[in-house]
Amino acid sequence: MAPEPLRVLLLGGTGEALALGQALEQEPGIAAVYSVAGVTRRPRLPRLPVRRGGFGGVAGLAGYLRQHGVHCLVDATHPFAAGISANAAAAARQTGTTLLAVRRPAWQPGPDEQWHRVADMAAAAQALGPQPGRVLLTIGNQEVPAFCAAPHHHYWIRCLEPPERVPPGARILFQRGPFHYADECRLLREHGIDTLVTKNAGGAATRSKLDAARDCGVRIVMVERPPDPPEAEVATEVEQALAWLRRRRPAAADPRLG
Ligand code: NAP
(Lines give C-alpha, C1' and ligand atoms only; values in the text may rest on other atoms or scores of the structure.)
Protein backbone atom coordinates (compact mmCIF):
# COMPACT_ATOMS: atom_id res chain seq x y z
CA MET A 1 0.00 0.00 0.00
CA ALA A 2 1.33 3.45 -0.90
CA PRO A 3 2.38 5.41 2.21
CA GLU A 4 0.24 8.37 3.17
CA PRO A 5 1.78 11.64 1.95
CA LEU A 6 2.31 14.76 4.05
CA ARG A 7 -0.74 16.92 3.25
CA VAL A 8 0.15 20.62 2.96
CA LEU A 9 -1.99 23.70 2.46
CA LEU A 10 0.17 26.46 0.99
CA LEU A 11 -1.27 29.98 1.32
CA GLY A 12 0.11 31.88 -1.64
CA GLY A 13 0.23 35.31 -3.19
CA THR A 14 3.99 35.96 -3.24
CA GLY A 15 7.02 35.04 -5.34
CA GLU A 16 8.25 32.83 -2.49
CA ALA A 17 4.93 30.95 -2.40
CA LEU A 18 5.13 30.38 -6.14
CA ALA A 19 8.72 29.12 -5.92
CA LEU A 20 7.88 26.81 -3.02
CA GLY A 21 4.79 25.55 -4.87
CA GLN A 22 6.92 24.83 -7.95
CA ALA A 23 9.47 22.98 -5.81
CA LEU A 24 6.64 20.83 -4.41
CA GLU A 25 5.30 19.86 -7.87
CA GLN A 26 7.74 16.95 -8.07
CA GLU A 27 8.34 16.35 -4.39
CA PRO A 28 7.67 12.70 -3.45
CA GLY A 29 5.66 12.10 -0.29
CA ILE A 30 4.24 15.63 -0.13
CA ALA A 31 0.75 16.46 -1.47
CA ALA A 32 0.27 20.22 -1.53
CA VAL A 33 -2.71 22.41 -2.42
CA TYR A 34 -1.98 26.02 -3.39
CA SER A 35 -4.43 28.66 -2.18
CA VAL A 36 -4.88 32.16 -3.60
CA ALA A 37 -7.20 34.91 -2.42
CA GLY A 38 -8.58 35.40 -5.93
CA VAL A 39 -7.93 39.16 -5.95
CA THR A 40 -5.39 39.15 -8.80
CA ARG A 41 -6.88 38.53 -12.23
CA ARG A 42 -3.96 36.54 -13.64
CA PRO A 43 -1.96 35.14 -10.72
CA ARG A 44 1.17 33.12 -11.46
CA LEU A 45 0.44 29.59 -10.26
CA PRO A 46 2.43 26.39 -9.71
CA ARG A 47 1.31 23.11 -11.30
CA LEU A 48 -0.40 21.95 -8.12
CA PRO A 49 -4.10 21.62 -7.26
CA VAL A 50 -5.25 25.23 -6.74
CA ARG A 51 -8.12 26.62 -4.68
CA ARG A 52 -9.26 30.24 -4.98
CA GLY A 53 -10.98 32.69 -2.68
CA GLY A 54 -11.31 33.24 1.06
CA PHE A 55 -12.10 30.41 3.46
CA GLY A 56 -14.61 32.46 5.44
CA GLY A 57 -12.45 33.55 8.38
CA VAL A 58 -10.85 31.41 11.08
CA ALA A 59 -13.78 28.99 11.31
CA GLY A 60 -13.77 28.38 7.55
CA LEU A 61 -10.02 27.81 7.43
CA ALA A 62 -10.13 25.51 10.48
CA GLY A 63 -12.95 23.57 8.79
CA TYR A 64 -10.87 23.20 5.62
CA LEU A 65 -7.85 21.94 7.58
CA ARG A 66 -9.98 19.33 9.37
CA GLN A 67 -11.97 18.26 6.30
CA HIS A 68 -8.85 17.73 4.18
CA GLY A 69 -6.71 16.26 6.98
CA VAL A 70 -4.01 18.89 6.44
CA HIS A 71 -0.81 18.11 8.38
CA CYS A 72 1.09 21.34 7.69
CA LEU A 73 -0.16 24.84 6.97
CA VAL A 74 2.36 27.05 5.22
CA ASP A 75 1.61 30.77 5.32
CA ALA A 76 3.62 32.21 2.44
CA THR A 77 1.38 35.26 2.05
CA HIS A 78 2.70 38.80 1.76
CA PRO A 79 4.21 40.31 4.94
CA PHE A 80 1.44 42.95 4.81
CA ALA A 81 -1.41 40.44 4.49
CA ALA A 82 -1.97 40.53 8.25
CA GLY A 83 -5.58 39.31 8.17
CA ILE A 84 -4.95 35.92 6.58
CA SER A 85 -1.79 35.41 8.67
CA ALA A 86 -3.70 36.01 11.91
CA ASN A 87 -6.43 33.64 10.69
CA ALA A 88 -3.85 31.00 9.79
CA ALA A 89 -2.30 31.19 13.26
CA ALA A 90 -5.69 30.92 14.97
CA ALA A 91 -6.93 28.06 12.75
CA ALA A 92 -3.66 26.14 13.21
CA ARG A 93 -3.96 26.55 16.98
CA GLN A 94 -7.60 25.38 16.97
CA THR A 95 -6.92 22.29 14.89
CA GLY A 96 -3.44 21.37 16.14
CA THR A 97 -2.02 21.84 12.63
CA THR A 98 1.71 22.63 12.38
CA LEU A 99 2.26 26.15 11.03
CA LEU A 100 5.18 27.57 9.10
CA ALA A 101 5.37 31.22 8.01
CA VAL A 102 7.58 32.03 5.02
CA ARG A 103 8.75 35.63 5.30
CA ARG A 104 11.49 37.26 3.27
CA PRO A 105 13.61 39.52 5.50
CA ALA A 106 12.58 43.18 5.68
CA TRP A 107 14.73 45.76 3.88
CA GLN A 108 17.21 47.69 5.98
CA PRO A 109 18.46 51.18 5.07
CA GLY A 110 22.02 51.30 3.75
CA PRO A 111 24.57 53.56 5.50
CA ASP A 112 23.88 56.36 3.00
CA GLU A 113 20.08 56.03 3.10
CA GLN A 114 17.65 57.89 5.31
CA TRP A 115 14.09 56.67 5.45
CA HIS A 116 11.10 58.35 6.94
CA ARG A 117 9.62 55.31 8.71
CA VAL A 118 5.90 55.18 9.49
CA ALA A 119 3.55 52.57 10.95
CA ASP A 120 0.67 52.74 8.47
CA MET A 121 -0.76 54.41 5.37
CA ALA A 122 -2.54 57.20 7.26
CA ALA A 123 0.82 58.17 8.79
CA ALA A 124 2.46 57.92 5.35
CA ALA A 125 -0.12 60.32 3.85
CA GLN A 126 0.50 62.74 6.70
CA ALA A 127 4.30 62.44 6.34
CA LEU A 128 4.03 63.91 2.82
CA GLY A 129 3.58 67.32 4.47
CA PRO A 130 1.73 70.52 3.58
CA GLN A 131 3.72 71.50 0.45
CA PRO A 132 2.40 69.95 -2.78
CA GLY A 133 4.77 67.16 -3.80
CA ARG A 134 5.22 64.72 -6.69
CA VAL A 135 4.69 61.31 -5.15
CA LEU A 136 5.15 57.77 -6.44
CA LEU A 137 3.03 55.23 -4.54
CA THR A 138 4.23 51.61 -4.79
CA ILE A 139 1.92 50.18 -2.15
CA GLY A 140 -0.44 48.01 -4.21
CA ASN A 141 -4.01 49.10 -4.85
CA GLN A 142 -5.91 48.40 -1.63
CA GLU A 143 -4.60 51.17 0.58
CA VAL A 144 -4.44 53.96 -2.01
CA PRO A 145 -7.65 55.60 -0.68
CA ALA A 146 -5.68 56.67 2.45
CA PHE A 147 -3.97 59.27 0.24
CA CYS A 148 -7.29 60.96 -0.60
CA ALA A 149 -6.70 62.64 2.81
CA ALA A 150 -3.74 64.49 1.21
CA PRO A 151 -5.23 65.56 -2.15
CA HIS A 152 -2.86 68.52 -2.67
CA HIS A 153 -0.05 66.27 -3.98
CA HIS A 154 0.45 64.93 -7.52
CA TYR A 155 0.39 61.14 -7.47
CA TRP A 156 1.68 58.37 -9.70
CA ILE A 157 0.38 54.99 -8.53
CA ARG A 158 2.10 51.76 -9.57
CA CYS A 159 -0.09 48.69 -9.08
CA LEU A 160 -1.48 45.55 -10.71
CA GLU A 161 -5.18 46.09 -10.08
CA PRO A 162 -7.11 49.39 -10.18
CA PRO A 163 -7.59 51.06 -6.77
CA GLU A 164 -11.17 51.65 -5.62
CA ARG A 165 -10.60 55.39 -5.08
CA VAL A 166 -7.66 57.65 -5.97
CA PRO A 167 -6.71 61.25 -5.09
CA PRO A 168 -7.76 63.76 -7.78
CA GLY A 169 -5.59 63.77 -10.91
CA ALA A 170 -3.65 60.64 -9.91
CA ARG A 171 -2.07 58.67 -12.74
CA ILE A 172 -2.03 54.88 -12.64
CA LEU A 173 0.92 52.84 -13.90
CA PHE A 174 -0.10 49.20 -14.36
CA GLN A 175 3.26 47.43 -14.06
CA ARG A 176 4.44 44.12 -12.63
CA GLY A 177 7.98 43.61 -11.24
CA PRO A 178 10.77 42.74 -11.20
CA PHE A 179 11.91 46.31 -11.81
CA HIS A 180 15.44 47.25 -12.83
CA TYR A 181 17.53 50.07 -11.44
CA ALA A 182 17.92 51.99 -14.73
CA ASP A 183 14.16 51.86 -15.42
CA GLU A 184 13.39 52.99 -11.88
CA CYS A 185 15.75 55.99 -12.24
CA ARG A 186 14.12 56.85 -15.58
CA LEU A 187 10.64 56.69 -14.05
CA LEU A 188 11.58 58.94 -11.13
CA ARG A 189 13.28 61.51 -13.37
CA GLU A 190 10.64 61.46 -16.12
CA HIS A 191 7.90 62.48 -13.69
CA GLY A 192 10.04 64.67 -11.43
CA ILE A 193 9.15 62.50 -8.43
CA ASP A 194 10.33 63.92 -5.09
CA THR A 195 8.89 61.29 -2.72
CA LEU A 196 8.54 57.51 -2.95
CA VAL A 197 6.06 55.77 -0.65
CA THR A 198 6.62 52.04 -0.25
CA LYS A 199 5.83 49.18 2.09
CA ASN A 200 8.77 47.36 3.65
CA ALA A 201 8.00 44.28 1.58
CA GLY A 202 11.60 43.01 1.42
CA GLY A 203 12.99 40.84 -1.39
CA ALA A 204 15.19 41.49 -4.39
CA ALA A 205 12.50 41.89 -7.07
CA THR A 206 11.51 45.42 -6.05
CA ARG A 207 14.56 46.61 -4.03
CA SER A 208 15.97 48.63 -6.95
CA LYS A 209 13.44 51.44 -6.41
CA LEU A 210 15.17 52.21 -3.10
CA ASP A 211 18.59 52.40 -4.76
CA ALA A 212 17.14 54.56 -7.53
CA ALA A 213 15.41 56.89 -5.04
CA ARG A 214 18.64 57.29 -3.05
CA ASP A 215 20.67 58.09 -6.19
CA CYS A 216 18.03 60.46 -7.60
CA GLY A 217 17.65 62.37 -4.30
CA VAL A 218 14.07 61.17 -3.81
CA ARG A 219 12.78 61.00 -0.24
CA ILE A 220 11.63 57.56 0.92
CA VAL A 221 8.57 57.14 3.14
CA MET A 222 8.75 53.53 4.38
CA VAL A 223 5.66 51.86 5.83
CA GLU A 224 6.90 49.23 8.28
CA ARG A 225 5.45 45.71 8.57
CA PRO A 226 2.74 44.57 10.92
CA PRO A 227 4.09 42.04 13.46
CA ASP A 228 3.99 38.32 12.62
CA PRO A 229 1.77 36.04 14.72
CA PRO A 230 4.06 34.84 17.53
CA GLU A 231 3.18 31.14 17.27
CA ALA A 232 4.49 30.54 13.75
CA GLU A 233 7.89 29.05 13.01
CA VAL A 234 9.50 31.29 10.40
CA ALA A 235 11.53 30.40 7.29
CA THR A 236 13.16 33.33 5.51
CA GLU A 237 13.98 31.39 2.33
CA VAL A 238 12.21 28.92 0.08
CA GLU A 239 14.96 26.28 0.51
CA GLN A 240 14.57 26.52 4.26
CA ALA A 241 10.79 26.04 3.98
CA LEU A 242 11.28 23.04 1.69
CA ALA A 243 13.74 21.46 4.14
CA TRP A 244 11.25 22.09 6.97
CA LEU A 245 8.54 20.21 5.02
CA ARG A 246 10.87 17.36 4.07
CA ARG A 247 11.68 16.83 7.74
CA ARG A 248 7.96 16.39 8.45
CA ARG A 249 7.33 13.93 5.61
CA PRO A 250 6.31 10.52 7.01
CA ALA A 251 9.36 8.24 7.08
CA ALA A 252 7.61 5.69 4.85
CA ALA A 253 7.08 8.36 2.18
CA ASP A 254 10.70 9.52 2.25
CA PRO A 255 12.35 8.24 -0.97
CA ARG A 256 15.78 8.10 0.75
CA LEU A 257 14.44 5.44 3.10
CA GLY A 258 12.62 3.34 0.47
P1 NAP B 1 -5.53 39.99 4.01
O2 NAP B 1 -6.09 41.34 4.23
O3 NAP B 1 -4.62 39.43 5.04
O4 NAP B 1 -6.67 38.91 3.73
C5 NAP B 1 -8.00 39.28 3.45
C6 NAP B 1 -8.78 38.01 3.22
O7 NAP B 1 -8.47 37.45 1.95
C8 NAP B 1 -8.47 36.91 4.21
O9 NAP B 1 -9.15 37.09 5.43
C10 NAP B 1 -8.90 35.69 3.43
O11 NAP B 1 -10.33 35.61 3.40
C12 NAP B 1 -8.49 36.03 2.03
N13 NAP B 1 -7.14 35.54 1.69
C14 NAP B 1 -5.97 36.22 1.74
N15 NAP B 1 -4.97 35.47 1.27
C16 NAP B 1 -5.52 34.27 0.92
C17 NAP B 1 -4.99 33.07 0.36
N18 NAP B 1 -3.69 32.94 0.05
N19 NAP B 1 -5.87 32.05 0.13
C20 NAP B 1 -7.18 32.18 0.43
N21 NAP B 1 -7.73 33.29 0.95
C22 NAP B 1 -6.91 34.32 1.20
O23 NAP B 1 -4.75 39.91 2.64
P24 NAP B 1 -4.49 41.04 1.55
O25 NAP B 1 -3.50 42.01 2.08
O26 NAP B 1 -5.84 41.46 1.05
O27 NAP B 1 -3.77 40.13 0.45
C28 NAP B 1 -4.53 39.22 -0.34
C29 NAP B 1 -3.57 38.33 -1.10
O30 NAP B 1 -2.68 39.13 -1.88
C31 NAP B 1 -2.71 37.50 -0.15
O32 NAP B 1 -2.70 36.18 -0.64
C33 NAP B 1 -1.33 38.14 -0.22
O34 NAP B 1 -0.28 37.19 -0.11
C35 NAP B 1 -1.34 38.81 -1.59
N36 NAP B 1 -0.55 40.06 -1.60
C37 NAP B 1 -0.78 41.04 -0.67
C38 NAP B 1 -0.02 42.20 -0.70
C39 NAP B 1 -0.20 43.27 0.34
O40 NAP B 1 0.55 44.25 0.28
N41 NAP B 1 -1.14 43.17 1.25
C42 NAP B 1 0.96 42.33 -1.68
C43 NAP B 1 1.18 41.32 -2.62
C44 NAP B 1 0.41 40.18 -2.56
P45 NAP B 1 -11.14 34.70 4.46
O46 NAP B 1 -11.08 35.42 5.77
O47 NAP B 1 -12.51 34.63 3.85
O48 NAP B 1 -10.45 33.38 4.52
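Me: Where is the place of Gln 240?
Reply: Gln 240 sits in helix H7. Please note that this is a predicted model.

Me: Is Gln 240 buried, partly exposed or exposed?
Reply: Gln 240 has a relative accessible area of 37%. Because buried means under 20% and exposed means over 50%, Gln 240 counts as partly exposed.

Me: Which residues is Gln 240 in contact with, leaving aside neighbours within four places in sequence?
Reply: With those neighbours set aside, Gln 240 touches Val 234 and Ala 235.

Me: And how far apart are the C-alpha atoms of Gln 240 and Leu 20?
Reply: Their C-alpha atoms are separated by 9.9 Å, although the two residues lie 220 residues apart along the chain.

Me: Leu 20 is in H1, I see. At what angle do H1 and H7 pack?
Reply: Helix H1, residues 15-24, packs against helix H7, residues 238-248, at about 45°, and their axes are 10 Å apart. That angle makes H1 oblique to H7. The crossing of the two helices is right-handed.

Me: Which residues make the contact?
Reply: From H1, the contact is made by Glu 16, Ala 19, Leu 20, Ala 23 and Leu 24. From H7, Val 238, Ala 241, Leu 242 and Leu 245 take part. Eight of the residues in this contact are nonpolar, none is polar and one is charged.

Me: Why do residues three or four places apart point the same way in an α-helix?
Reply: An α-helix has 3.6 residues a turn, so residues at that spacing face the same way.

Me: Changing topic: how many helices and strands are there in the protein chain?
Reply: The protein chain has seven helices and 12 strands. Its C-alpha trace spans about 70 × 35 × 30 Å along the principal axes.

Me: What share of the residues is buried?
Reply: Of the 258 residues in the protein chain, 46% are buried. The chain exposes about 12,800 Å², and carbon and sulfur atoms supply 53% of that area.

Me: And which contacts do residues 24 or more positions apart account for?
Reply: They account for 65% of the contacts in the protein chain with a separation of 6 or more.

Me: Now H6. Which of its residues are buried?
Reply: Helix H6 covers residues 208-215, and its buried residues are Ser 208, Lys 209, Leu 210, Ala 212 and Ala 213.

Me: What covers the buried residues of H6?
Reply: The cover includes strands S6 (115-118), S7 (134-138), S8 (154-159), S10 (195-199) and S11 (219-223), together with helix H5 (181-190).

Me: How do the axes of H5 and H6 cross?
Reply: The axes of H5 and H6 come within 8 Å and cross at roughly 50°. H5 is therefore oblique to H6, and the crossing is right-handed. On the H5 side the contact is made by Tyr 181, Glu 184, Cys 185, Leu 188 and Arg 189. On the H6 side are Ser 208, Lys 209, Asp 211, Ala 212, Ala 213 and Asp 215. These residues divide into five nonpolar, one polar and five charged.

How values were computed: Residues are numbered from 1 along each chain as its sequence is written. This is a predicted model: local features need pLDDT of at least 70, side-chain atom pairs count only at pLDDT 80 or more; totals for chains, interfaces and linings use all residues. Side-chain values use heavy atoms; hydrogens and water are left out. Axes are lines fitted to C-alpha atoms, for helices over the stretch in contact, and angles run from 0 to 180 degrees between N-to-C directions. Helices (H or I, at least four residues) and strands (E, at least two) are DSSP runs, numbered from the N terminus. Angles under 35 degrees count as roughly parallel, over 145 as roughly antiparallel, 65 to 115 as roughly perpendicular and the rest as oblique. A crossing is left-handed if the near helix is turned anticlockwise from the far one by less than a right angle, and right-handed if clockwise. Contact means heavy atoms within 4.5 Å. Ala, Val, Leu, Ile, Met, Phe, Trp, Tyr, Cys and Pro count as nonpolar, Asp, Glu, Lys and Arg as charged, and the others, Gly among them, as polar. Buried means under 20% relative accessible area, exposed over 50%, partly exposed in between (1.4 Å probe, protein chains only). Accessible areas come from the Shrake-Rupley method with a 1.4 Å probe; for residues, only the protein chains shown count as cover.
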